[in-house]
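Please open the model in your viewer and keep the sequence at hand. The tour below moves from charged pairs to a pocket, one selection at a time.

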Amino acid sequence: ALSNSGLPVEAKLALAPRVLPVEKIVDLMHEAEDCGPLTLTNPPANGWALDDSIVITGQLAEQGARQRLLESVKDVAGDREVLVDAEILNANLCKIEQALPRAASLGFAVNFGFGDRADPNPAGRYFVGENPVIDVVIPADVTDGYLWVFIVDVTGSVFHLLPNLNRPDNSVADLRKGKTGAVPVRVAYGMGEAKGNSKMAFVVDDSVLGKSKIVVLHAAAPVFESLRPISESTSSFAGALTREETGADLVDTFSIDSRVLTTEAK
């Protein structure tokens, strides 16, 4: 366009409010949540200015959900940069994520290794034929209460690593065995270590390829009325977590930590 003086003038229209309220994006996030809560990274207290970036993290059930959320946020964000940095899981994992209370983390770490060698596996990625070893690390400042550790696999099964019928004691004090500081507790063993003594061990086969999740729950007191079976469906355990069995408010009961384990063909 030309001004009255004949000089070219470029006009840029911002197709969004000068300040975008945080609540507007939070509402869109809640609508999109299909695999547990989504989180905003460092949201500004007074809303985003025109040059700010909007970053959303968390988990979603499938790629389409991430794209739909990205587009809905961009519709109100104008020229602001939008990043939906969400991990894509699967329907079975997300069923448990939706059932879990939105509780805080206590900082339990989940470390991966191999049953046939001492090497760590920081990526948590295993191939067919490999024997995962899993340790849960009790934080130094957690000295009491009880732990529940389970795997939700890609087939829709929940495997209870601790406690279970072969290993019923899940007291933190007993698991520490008098040790102070951060204490690793093995919950999935090497095949040689587990042989003949009822310890949990498994080898990756081509029937369970994809993403599984190890979940660590901590509570001040026992929660479930009885031991869970060694394995059950995600629907069954989701029902237990949503108070069908306990009658308790699990949001106020558990802390939650988790980590994804990925299995692949060679």
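Is Glu 130 buried or exposed? Select Glu 130 to begin: the residue is buried, with a relative accessible area of 18%, where buried means under 20% relative accessible area, exposed over 50%, and partly exposed in between, computed with a 1.4 Å probe on protein chains only. Before going further, note that this is a predicted model, in which local features need pLDDT of at least 70 and side-chain atom pairs count only at pLDDT 80 or more, while totals for chains, interfaces and linings use all residues. Residues are numbered from 1 along each chain as its sequence is written, and side-chain values use heavy atoms, with hydrogens and water left out.

Glu 130 and Arg 117 form a salt bridge, with their closest N and O atoms 3.6 Å apart; the term stands for a side-chain nitrogen of Lys or Arg within 4 Å of a carboxyl oxygen of Asp or Glu. This pair links distant parts of the chain, 13 residues apart, since Glu 130 lies in the loop between strand E6 (125-127) and strand E7 (132-138), and Arg 117 in strand E5 (residues 117-120); strands (E, at least two residues) are DSSP runs numbered from the N terminus.

Now move to Arg 186 and Glu 193, whose salt bridge has its closest N and O atoms 3.5 Å apart. Arg 186 is partly exposed at 29% relative accessibility, and Glu 193 is likewise partly exposed, at 37%.

For another charged pair, select Arg 68 and Glu 62, whose side chains meet in a salt bridge at 2.8 Å, N to O. Arg 68 is exposed at 51% relative accessible area, whereas Glu 62 is partly exposed at 33%. The count of salt bridges by this rule comes to 8.

Finally, turn to the second largest pocket, with a volume of about 280 Å³. Of the 15 residues lining this pocket, Ile 151, Asp 153, Phe 159, Phe 202 and Val 208 are the closest to its centre. A pocket here is an open set of points on a 1 Å grid over the protein atoms alone, where a 1.4 Å probe fits, with protein on both sides within 12 Å along at least five of seven lines, and lining residues have an atom within 4 Å of a point.

Note on methods
Grid points are joined across faces, edges and corners, and a volume is the space filled by probe spheres set on the points. Helices (H or I, at least four residues) and strands (E, at least two) are DSSP runs, numbered from the N terminus.
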